[in-house]
Amino acid sequence: MNRPREEHIRHLQNILGPEGWLAADEDKAPYLQEWRDKFHGETPLVMRPASTAEVAQILAYCNDQRLAVVPQGGNTGLCGGAMPKNGELLLSLGRMKRIRDIDTDNFTITAEAGCILADIHRVAAERQRLFPLHIGAEGSCQIGGNLSTNAGGTAVLRYGNMRELTLGLEVVLANGEIWDGLRGLRKDNTGYDLKQLFIGAEGTLGIITAAVLKLFPLPRRRAVALAGLKTCEQAVELLSRSKERAGDRLTGFELMNRLSLELVGRHLPECAAPLPLSHPWYVLIELSDTDEAPLDEKLQHILERAWEADLIEDAHVASSLTQADRLWRMRHAISEAQKHEGGSIKHDISVPVSQVAAFIARADHAVAAMIPGFRSIAFGHVGDGNIHYNPLQPRNMAKAEFLARWAEVAETVHDIAASLGGSISAEHGLGQLKNRDLPRYKSAVEIAMMRKLKTALDPHGILNPGKVLP
Ligand SMILES: Cc1cc2nc3c(=O)[nH]c(=O)nc-3n(C[C@H](O)[C@H](O)[C@H](O)COP(=O)(O)OP(=O)(O)OC[C@H]3O[C@@H](n4cnc5c(N)ncnc54)[C@H](O)[C@@H]3O)c2cc1C
């Protein structure tokens, strides 16, 4: 790979036009620092193309000149995937934010990669449609980033993750060729499902420039409750019962341990829980329906039955949409609240839903043996078996000393997830945070297939080098 030189930069600036690039340090700075402040990047040029044709010209040139390119969406990824580690060129998709089409009868929206997720929600809702991907970063993450990380979030339980929400893609390949796969078909058995190669590839196989996404009818009713429980096992049982009783009206089911909510109350009091935090575990449950009939009674009924069966100790049903939104703000505030409490070692694991309680118990036990006095934070999308398990530093330990144990703790926690049939990355991807761990958890055959795909689609390795593959 070549380091970009003066003449390369000038050529790329000419393709992009005066509005399409940033080179001053102060202009580049926001693109080179990520949300957790764990990774920092360096680049000689932030490229901000306005069209697929410009992306194609840039890649054709970079491929020819052997210049590495790191794509970036909203820069909310949590694995350092969008950070140029070694002075690569940065390709930001943020100016490509056109909604190209919305087809309400086909229940699809065709959007460019730089569209902000929350804008897709708004545009769809204006046409009585729902785009159901909901994540804490939805005000700034972009569709291209959501696709490239196969984002999940809080409604996967009902609607699936980005893989399941996508019908077609437009992709610029490493050599600058454009693949127009913007099909809005629910059935298409004409060979390999190529779009799935680029979804979750974290920008290592091609640059996604637009997508056809599935829409759903806009729900007319929502009911949301927070319930307190004694054990994590009870949460899993309550999940099964809620599924049985509510069917696909069960839209969200989030698990939170007490400490995660205490930190929200301590550091972001405007988002604090509406209940006294006297239970070890909490679940946030949402039902939604397109039917006009109120859902509160249904949710109340599920909770009463659970209380009679000794599954829950207490519950608070939101009596208005404002209250419901407040409960969700509390849930989404957990990540931010942790930042104020010192260092935490983050994991984004998944296990079969039936193994969630065993995972948390075994991980707590193992981490306590390594770092006595650590504080356990566990929360997440229990309906998908996806737990964000984030051990927090002991009160009497320096942050740097605690974070220096990251690799050792992560290996222990990941080994436990793997031993329960789980994954070391449920929804955030690998980026540069976990790619080196891949050989420990994937077979040589699987990694060799991934390498062959990479070589076939990006033979010179210009796309996001040093990410995903070890
Ligand atoms: C507070 C908070 C809460 C979060 N909650 C969730 C959650 O619930 N569920 C979840 O899944 N994630 C969550 N995330 C993680 C993050 O928001 C998602 O991974 C999101 O999908 C990233 O989108 P982005 O536009 O910010 O992508 P970026 O961070 O910019 O990029 C992510 C990866 O995609 C690549 N990429 C970006 N755009 C393109 C493109 N157009 N073509 C090819 N490659 C591209 C980048 O190179 C990088 O490897 C959360 C993050 C934060 C900060």
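Tutor: **A residue within a strand**

V171 lies in strand β8, which covers residues 166–172. The model is a predicted one, and what follows should be read as a description of that prediction.

The relative accessibility of V171 is 0%. Buried means under 20% relative accessible area, and V171 therefore counts as buried.

With neighbours within four places in sequence left aside, V171 is in contact with E177, I178, W179, F198, G206, I207, I208 and T209. A separate distance relates V171 to L93: these two residues are 78 residues apart along the chain, and their C-alpha atoms are separated by 12 Å.

Helix α4 spans residues 117–126, and its buried residues are L117, I120, H121, V123 and A124. An α-helix has 3.6 residues a turn, so residues three or four places apart point the same way. The cover over the buried residues of α4 includes the strands β5 (99–103), β6 (108–112) and β7 (129–130), together with the helix α5 (143–148). After α4 comes Q128, which has a positive phi, near 60 degrees.

These parts may now be placed in the whole. The domain assignment gives domain 1 (6–92), domain 2 (99–217), domain 3 (221–336) and domain 4 (342–428). The centres of domain 1 and domain 3, taken over C-alpha atoms, are separated by 42 Å.

In secondary structure, the protein has 17 helices and 18 strands. Its radius of gyration is 23 Å, close to the 23 Å that the globule rule gives for 470 residues, so the protein is as compact as a globular protein of that length. Along the principal axes, its C-alpha atoms fill a box of roughly 70 × 55 × 45 Å.

Burial and contacts can also be stated for the protein as a whole. Of its 470 residues, 54% count as buried. Among contacts between residues at least 6 apart in sequence, 74% join residues at least 24 apart.

Finally, there is the surface and the charge. The accessible surface comes to about 19,800 Å², and carbon and sulfur atoms account for 49% of it. The protein has 53 positive and 58 negative charges, and the mean positions of these two sets are 2 Å apart.

Technical notes
Residues numbered from 1 in each chain as written. Predicted model: local features only at pLDDT ≥ 70, side-chain atom pairs only at ≥ 80, totals over all residues. Heavy atoms only, no water. Helix = DSSP H or I, 4+ residues; strand = E, 2+ residues; numbered from the N terminus. Rg over C-alpha atoms; globule rule 2.2 N^0.38 Å. Buried < 20%, exposed > 50% of the residue type's maximum accessible area, 1.4 Å probe, protein only. Contact = heavy atoms within 4.5 Å. Areas by Shrake-Rupley, 256 points an atom, 1.4 Å probe, with all protein chains shown as cover. Lys, Arg positive; Asp, Glu negative; His and termini not counted. Charge placed at Lys NZ, Arg CZ, Asp CG, Glu CD. Domains from an automatic or database assignment.
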